[in-house]
Amino acid sequence: MAKKKKIKVDNFKNNTENTSKQEKISCCNFDKEAIIDIIIQKLNKQEDEKRRQEDEKRKQEDERRKHAEQKFKPTNRKEIKDFMFYTSDKKNGIYFIQNIQYVNYLLVRCVATNFLFENIDFSKTIFDSCYLKDCRFINCKFEGAKFINCNLQGSYFELCNFDYVIFEKTFVDDEIFECAPKKDNLKYKFARSLKLNYASIGDYIKASKAVSIELDATKSHLKDSWLSGDEWYKKKYGGIKRRTEQFIKWCKVCALDFVWGNGESLKRLIRFNIIIFFILTLVDATISKNKYGFFEFINTFLIKVPCQYLGITVKNESNIEYFSYYPNSLNLFLIIVRMISFGLLMSIIIKKYNRR
């Protein structure tokens, strides 16, 4: 009997444990599914919110674009293609037109040869592939005009206004510089446009002339930008910070111009090195205990100092290095100056002869 009771008790315990395990498993299954559903719902909400925000941004962007486009209006530029200037009016054997406005035109492949244009306003007009050879432009206005792939060879310009004009791959004589803008800030832009134009057609002689005009105008403009009391400069470069920046730019341009003409002058680079030789000769005459006569001074200036500068050891009569009294700082300075001068020399040579 006791055994039977024990067996019954064990069976009861086993059944109870199995039942509790099944309940636990079912509870665990229920929790996982619920959590997964919650996560999915949350992700869906986040995705919906993200899409809603993107749609809202897109709508705002479209509205801004529409609002910006409303601020434009057509320029009504008139286009004339494949025509030639024609008139029956003739003066001094030359056909001419005068007192006409061609403002905001696009002239494509238009032709005029040996023609006189007088008091014509070509402001904001684009000349594209035009052939205007041996023409005379007197008191014409080209403000904001643009010349692209044009031929203006032999054409003469007198009292014309070239403010803000741009040249691209255009053949034009360098007499056009006589009509350069009077204001320096416009003059250097005009010269820079012609410099790039001449370089693009391979005319580097005229490009060099444009560079020299550009540099002179740039220096004058930078000087006025920090020193002038003109109202225009006050508005654009007002304040100590801007004036200081312009002053630093001016000093930089002047220094580079003095050393090597901003990359255009071999003579100035030679002059710069001769000045260094002269200073070193004076230092030698002052510091060294050698007694100097005129010929010794010339010998030191032309032979000894240049040799030492170029790295050739110079010895005196006692077979001792002549410039042994140089401090290390001076030797280091001379090596740096020598390397920079050599770099500038190579730059000038490559710049001038690489064009050929």
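**Conventions.** I worked on a predicted model, in which local features need pLDDT of at least 70 and side-chain atom pairs count only at pLDDT 80 or more, while totals for chains, interfaces and linings use all residues. Residues are numbered from 1 along each chain as its sequence is written, and side-chain values use heavy atoms, with hydrogens and water left out.

**Sheet.** I took helices (H or I, at least four residues) and strands (E, at least two) as DSSP runs, numbered from the N terminus. I counted two strands as paired if DSSP finds at least two bridges between them.

I next went through the pairs. Strand β2 (residues 90–91) runs antiparallel to strand β3 (residues 94–101), and 2 bridges join them. Lys91 stands opposite Ile94 in β3. The two strands β2 and β3 form a hairpin with 2 residues between them, and Asn92 in the turn has a positive phi of about 55 degrees. On β3 I also found a parallel pairing with strand β6 (residues 115–121), over 6 bridges. Strand β9 (residues 136–138) pairs with β12 in the parallel sense over 3 bridges, and there Ile138 stands opposite Glu158.

**Positive phi.** Asn104 has a phi near 60 degrees and is placed in the loop between β3 and β4 (105–108). Asn114 has a phi near 50 degrees and lies in the loop between β5 (111–113) and β6.

Asn104 counts as buried because its relative accessibility is 13%, whereas Asn114 is partly exposed at 44%.

**Helix pair.** I fitted axes as lines to C-alpha atoms, for helices over the stretch in contact, with angles from 0 to 180 degrees between N-to-C directions. The axes of helix α6 (residues 266–287) and helix α7 (residues 294–309) come within 9 Å and cross at roughly 110 degrees. Helices α6 and α7 are therefore roughly perpendicular to each other, a class that covers 65 to 115 degrees, against under 35 for roughly parallel, over 145 for roughly antiparallel and oblique for the rest.

For contacts I required heavy atoms within 4.5 Å. The α6 side includes Phe277, Phe278 and Asp284, and the α7 side includes Phe297, Pro306 and Tyr309.

**Single residues.** I looked up Ser193, which lies in helix α2 (residues 184–200). Ser193 counts as buried because its relative accessibility is 11%. Beyond neighbours within four places in sequence, Ser193 is in contact with Val165, Ile166 and Phe167.

I then turned to Lys315, in the loop between α7 and α8 (328–353). Lys315 and Lys304 are 11 residues apart in sequence and 9.2 Å apart in space, C-alpha to C-alpha. With neighbours within four places in sequence left aside, Lys315 is in contact with Ile320, Glu321 and Tyr322.

Technical notes. Buried means under 20% relative accessible area, exposed over 50%, partly exposed in between (1.4 Å probe, protein chains only).
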